[in-house]
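User: I've got a model open and I'd like to talk through how it packs. Can you take my questions one by one?

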Amino acid sequence: MQSLIGALMVGFTMIVQAGFVAAAFAVDDRVIPSRFRKSRVGGTLLLASATIWMLLALTAAAWLWAGLFMALGAFQALEPALYFATVSLTTLGFGDVILSQEVRLLSAIVAANGLIMFGFSTAFLLEFVGDVREEERATAPRNT
């Protein structure tokens, strides 16, 4: 049962993260002025904003996992549930908080979810940087 619950939560957190990515590209394409995107300062600010945005996506996943742990009765308070979810999601796994046998398999699934999410975030940021750099190059004067 833990594997099924964990798989469903991984799927859900990935959908949430994909929503964050889609929103970032939509804002970049529709809201951010082209002139701003093409400048060096604008590109840097966009990259910083995208990084913070993906950190928010990872934070949302930690909150979702914490909520699941509380719903399953693994924790009685939000702070330890959020702490455990964050530590597990980032794959640090300090080991200072250990789940009961009824739900401990979920901690490994949270760690696997974190690996996937951090990889997805990295891929998004590389794509985003590539797009910004491409726009900068397209408008830069050519030396001939």
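User: Let's start with Ser88: is Ser88 buried or exposed?
Analyst: Keep in mind that this is a predicted model. Ser88 sits in helix H4. Its relative accessibility is 6%, and the cut-off for burial is under 20%. So Ser88 counts as buried.

User: Which residues does Ser88 touch, not counting residues up to four places away in sequence?
Analyst: The contact test here is heavy atoms within 4.5 Å. With the sequence neighbours set aside, the partners of Ser88 are Ser107, Val110 and Ala111.

User: How do the axes of H3 and H4 sit relative to each other: parallel, antiparallel, perpendicular or oblique?
Analyst: Helix H3 covers residues 40-71 and helix H4 covers residues 78-89. Their axes come within 8 Å and cross at roughly 125 degrees. Roughly perpendicular runs from 65 to 115 degrees and roughly antiparallel needs over 145. That angle therefore makes H3 and H4 oblique.

User: Where do Trp65 and Phe69 sit relative to each other along helix H3?
Analyst: Both Trp65 and Phe69 are buried. They are 4 residues apart in helix H3. That spacing means they are separated by about one helical turn.

User: What kind of aromatic pair do Phe69 and Phe75 form?
Analyst: Phe69 is buried, and Phe75 is buried too. Their rings are 6.0 Å centre to centre, with 75 degrees between the planes. An angle over 60 degrees puts a pair in the last class, so Phe69 and Phe75 are edge-to-face.

User: Which residues do ring pairs link into a cluster?
Analyst: Rings count as paired if their centres lie within 6.5 Å. Links of that kind join Trp65, Phe69, Phe75 and Phe84.

User: Back to helix packing: how do H1 and H5 run relative to each other, parallel or antiparallel?
Analyst: Helix H1 spans residues 2-30. It packs on H5 at an angle of about 15 degrees, with the axes 10 Å apart. Under 35 degrees is the cut-off, so H1 is roughly parallel to H5.

User: What is the class make-up of the contact of H1 with H5?
Analyst: H1 passes H5 in a right-handed crossing. The residues in contact divide into 15 nonpolar, 7 polar and 3 charged.

User: And H3 with H5, parallel or antiparallel?
Analyst: The H3 and H5 axes come within 10 Å and cross at roughly 165 degrees. Their crossing is right-handed. The cut-off is over 145 degrees, so H3 and H5 are roughly antiparallel.

User: Which residues is Leu68 in contact with, leaving aside neighbours within four places in sequence?
Analyst: Leu68 belongs to helix H3. It is buried, with a relative accessible area of 15%. Past its sequence neighbours, Leu68 contacts Ile5, Met9 and Leu106.

User: Last one: Thr91 has a positive phi, so what is the value?
Analyst: Thr91 is in the loop between H4 and H5. It counts as partly exposed, at 40% relative accessibility. Thr91 is a residue other than glycine, and its phi is near 65 degrees.

Conventions:
Residues numbered from 1 in each chain as written. Predicted model: local features only at pLDDT ≥ 70, side-chain atom pairs only at ≥ 80, totals over all residues. Heavy atoms only, no water. Axes fitted to C-alpha atoms, helices over the stretch in contact; angles between N-to-C directions. Helix = DSSP H or I, 4+ residues; strand = E, 2+ residues; numbered from the N terminus. Buried < 20%, exposed > 50% of the residue type's maximum accessible area, 1.4 Å probe, protein only. Phe/Tyr/Trp six-rings, centres within 6.5 Å; stacked < 30°, edge-to-face > 60°. Left-handed = near helix turned anticlockwise from the far one by under 90°. Nonpolar A, V, L, I, M, F, W, Y, C, P; charged D, E, K, R; others polar.
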